[in-house]
Amino acid sequence: MDFSSNFYTNLIACISLIVSVVTIKMYIRDRRNLKFQILSDYTKQLLHWHGETVETLIKLKLLVEKKDNCDKIDLLVKLSSQIEKGRFFFPNIDRGDNFGKDKPFAYMGYRNLTLDLLVYSYNLFDKQECFNYLRHAELLQREFTSIVFEVVRPKDNLTMIKRLTDQYLNKDNIFDHFLDKNPESIKYMHR
């Protein structure tokens with residue numbers, strides 16, 4: 001009787017241990033999936049905001065190039081709105097010197113470089129002679145995109161997707177690879 005009682009006690013303890021280990025593994029996996037989902041949602045929102053902002057900058061640039069100022073005010077309003085929305089992705093920086101302490105909470109501290117690039121772009125496009133600053137505006141846009149690129153880290157995301165799905169969504173090809181395969185095809189691209 002003592003042996004069978006011990007046996008069942010040990011069996012129940014082993015089963016409990018197995019269930020506990022499985023539960024812990026499932027919990028850790030679920031937490032990792034939840035973290036991935038939170039990051040994925042944030043990235044999606046950030047890329048949407050970035051896309052709308054870049055589209056606005058490009059439209060402004062094209063309007064200025066064509067010397068067509070009819071929609072410029074609407075696009076400047078859109079850019080200003082995007083700057084305000086961007087405060088939620090790139091909040092002001094507190095350097096501990098009480099700069100902007102008298103301002104509303106979202107404006108306290110120093111404006112993040114990401115938004116400064118957009119504010120500077122706004123100021124360029126708002127100038128009467130903005131045509132002279134198109135190259136500057138393009139450089140600001142590229143810096144803006146580069147900062148968002150650093151935050152999103154697309155190469156890291158592709159690596160993670162490959163690890164999770166066994167699919168690599170980017171082939172690391174460049175135009176030279178295309179030409180190496182079929183150099184004659186370039187003739188048909190410029191028709």
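This note goes through helix packing, selected residues and backbone angles in a predicted model.

1. Basis of the values. Residues are numbered from 1 along each chain as its sequence is written, and side-chain values use heavy atoms, with hydrogens and water left out. Because the model is predicted, local features need pLDDT of at least 70 and side-chain atom pairs count only at pLDDT 80 or more, whereas totals for chains, interfaces and linings use all residues.

2. Helix 3 on its own. Helices here are DSSP runs (H or I, at least four residues), numbered from the N terminus, and helix 3 covers residues 113-126. The expected span of a helix is 1.5 Å times one less than its number of residues; for the 14 residues of helix 3 this should give 20 Å, and the end C-alpha atoms are 20 Å apart, which agrees. Thr 114, Leu 115, Leu 117, Leu 118, Val 119, Ser 121, Leu 124 and Phe 125 are buried in this helix, where buried means under 20% relative accessible area, exposed over 50%, and partly exposed in between (1.4 Å probe, protein chains only).

3. The start of helix 3. A side-chain oxygen of Asn 112 reaches to within 2.9 Å of the backbone nitrogen of Thr 114 at the start of the helix. A polar contact is a pair of N or O atoms within 3.5 Å; within protein, one must be able to donate a hydrogen and the other to accept it, and residues adjacent in sequence count only if both atoms are side-chain atoms.

4. Ser 121. Within helix 3, Ser 121 has a relative accessible area of 1% and is therefore buried. Its side chain reaches the backbone oxygen of Leu 117 at 2.9 Å. Not counting residues up to four places away in sequence, Ser 121 touches Leu 57, Leu 79 and Leu 140, with contact meaning heavy atoms within 4.5 Å.

5. Helix 2 against helix 3. Axes are lines fitted to C-alpha atoms, for helices over the stretch in contact, and angles run from 0 to 180 degrees between N-to-C directions. The axes of helix 2 (residues 72-86) and helix 3 come within 10 Å and cross at roughly 165 degrees. That makes helix 2 roughly antiparallel to helix 3, a label used for angles over 145 degrees, while angles under 35 count as roughly parallel, 65 to 115 as roughly perpendicular and the rest as oblique. The crossing is left-handed, which is the term used if the near helix is turned anticlockwise from the far one by less than a right angle, and right-handed if clockwise.

6. Helix 3 against helix 4. The axes of helix 3 and helix 4 come within 9 Å and cross at roughly 160 degrees. Helix 3 is therefore roughly antiparallel to helix 4, and this crossing too is left-handed.

7. Gly 86. This residue of helix 2 is buried, with a relative accessible area of 0%. Leaving aside neighbours within four places in sequence, Gly 86 is in contact with Trp 49 and Leu 115. Gly 86 and Leu 46 are 40 residues apart in sequence, yet 8.7 Å apart in space, C-alpha to C-alpha.

8. Val 64 lies in helix 1 (residues 2-65) and is buried at 4% relative accessible area. Beyond the residues up to four places away in sequence, Val 64 touches Phe 125, Cys 130, Phe 131 and Leu 134; from Leu 134 it is separated by 70 residues in sequence and by 8.1 Å between C-alpha atoms. Gln 141, placed in helix 4, is likewise buried, at 16%, and is in contact with Val 54, Leu 57 and Ile 58 once neighbours within four places are set aside.

9. Positive phi angles to check. Most residues other than glycine have a negative phi. Asn 98 has a positive phi of about 65 degrees although it is not a glycine; it sits in the loop between helix 2 and helix 3 and counts as exposed, at 53% relative accessibility. Arg 153, also not a glycine, has a positive phi near 50 degrees; its place is in the loop between helix 4 (134-152) and helix 5 (154-165), and at 39% relative accessibility Arg 153 counts as partly exposed.

Methods
Helix = DSSP H or I, 4+ residues; strand = E, 2+ residues; numbered from the N terminus.
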